[in-house]
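Here are my notes on the model. They go from the whole chain down to single residues.

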Amino acid sequence: MLPHMRYSVFKVLRDGLTSNRHLTPAWRDAAPKPHYDIVIVGGGGHGLATAYYLAKVHGLTNIAVVEKGWIGGGNAGRNTTIFRSNYLLPGNEPFYEWSMKLWEGLEQELNYNVMVSQSGIINLIHSDAQRDAYARRGNAMLLNGAGAKLLSREDVRQRLPFLDFDNARFPIKGGLQQPRAGTARHDAVVWGYARAASALGVDIIQNCEVKDFLFEDGHIAGVKTTRGDIKAGKTALAVAGSTSRLTGKLGFKLPVESYVLQAFISEGLKPFMHGACTFGAGHFYFSQSDKGELVFGGDIDGYNSYAQRGNLPVVEDVFEGGAALLPFLPRLRYLRQWAGVCDMSMDGSPIICTGPVPGLYLNTAWNYGGFKATPASGWCFAHTIAKDEPHPLTKAYEIDRFRTGHLIDEKGVGAQPNLH
């Protein structure tokens, strides 16, 4: 990054004393060029992180990131901001632990305040069998250096005294804690990667929707967009729940289905909790933002959709799960709700690989885990694009696993995308 673009306390003081007259845009709002070495479709966290690491790590800068709306207007700005690496299976835990390590140094790496707060996460235990399962997961985390603590009922009560510990149906018996987990401001992550990538020469092109693909001699040679054709040596897709819409134009179907995932924000409250928490007897997770709002979510809507809005039965289900855990929840006012389109795979784990058509690269199927995977997804996808081979951490995420049977079913529910 050029010295005059670096943020520092001295620059903040200078701008404050000069009425911000020296402020410049954080990134270039570029117009498309006729040809790039690489075009990345999708201006969310994954696409921008990929562009940044291609430029920073691999020295490739003739890159365009094309986004149909504004950057961060999709799933990157429609999540509950939690990152963690508390996985069990060997195909997942090393990858998410690498993502955790990148999160821990991200603000210094990007020279941007993405508000990383490593306040921890607690997965609640409600039965003896669940305690055994969480002990096993905690051991897997420890073996991969992720860190984990198995908490007793009193340990949890000390940290989260406001929970309903004696609920007749779902008594709280303990928890599994990952102290290094935390939250980050989702849109700031997008802005930070955009600024850093732009400073390295990447073109970020907004309001540029991909309508189709260009072909030459059986290879994908670029994209047709609402702002004209853009030729490229390599075309990479990082468009989350819209992946199947674009691959449908190429005549093949992925083992991925799109569902809507809702999230909610309450009125501001005095600080009452530190870190995030998940309900072990239902799908409900929550944290408190820096502004005091309760940020929470639950299950996806149970039918396929590309709409960025949810339905009322799932709203009811989320609030029912929350009320079983938080007795005060029904008394709060709720300010807003939003929804993102999740790309749910048949085994609940992501896909990062070269595509079935020459010149195409796929980054999809992040299910519920897209935000926390952002840094490692960009790092590993950049490697795949630059080297035309899988990164060692994502070799298990090849699409061929659905043919060979080497699935990574973290939740153990089988080939039912809506249940992962």
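Predicted model: local features only at pLDDT ≥ 70, side-chain atom pairs only at ≥ 80, totals over all residues.

1. Along the principal axes, the C-alpha atoms fill a box of roughly 65 × 60 × 40 Å. The accessible surface of the chain is about 18,200 Å². Carbon and sulfur atoms account for 53% of that surface.

2. Of the 420 residues, 54% count as buried. Take the contacts between residues at least 6 apart in sequence: 73% of these join residues at least 24 apart.

3. Serine 345 lies in strand β16, which covers residues 334-345. Serine 345 counts as buried because its relative accessibility is 0%, and the cut-off for buried is under 20%.

4. The side chain of serine 345 makes a polar contact of 3.2 Å with the side chain of aspartate 347. It also reaches the backbone nitrogen of glycine 348, at 3.0 Å. Leaving out residues up to four places away in sequence, serine 345 touches Pro255, Val256, Ala365, Asn367, Arg401, Phe402, Pro417 and His420.

5. Now the surface. Val9, Phe10, Leu13 and Leu17 form a nonpolar patch there, with about 500 Å² of accessible area together. Valine 9 sits in helix α1 (residues 9-17). Valine 9 counts as exposed because its relative accessibility is 52%, and exposed means over 50%.

How values were computed
Residues numbered from 1 in each chain as written. Heavy atoms only, no water. Helix = DSSP H or I, 4+ residues; strand = E, 2+ residues; numbered from the N terminus. Buried < 20%, exposed > 50% of the residue type's maximum accessible area, 1.4 Å probe, protein only. Polar contact = N/O pair within 3.5 Å; in protein donor to acceptor, adjacent residues only side chain to side chain. Contact = heavy atoms within 4.5 Å. Patch = residues over 30% accessible without salt bridge, like charges linked within 9 Å, V, L, I, M, F, W, Y side chains within 5 Å. Areas by Shrake-Rupley, 256 points an atom, 1.4 Å probe, with all protein chains shown as cover. Salt bridge = Lys/Arg side-chain N within 4 Å of Asp/Glu carboxyl O.
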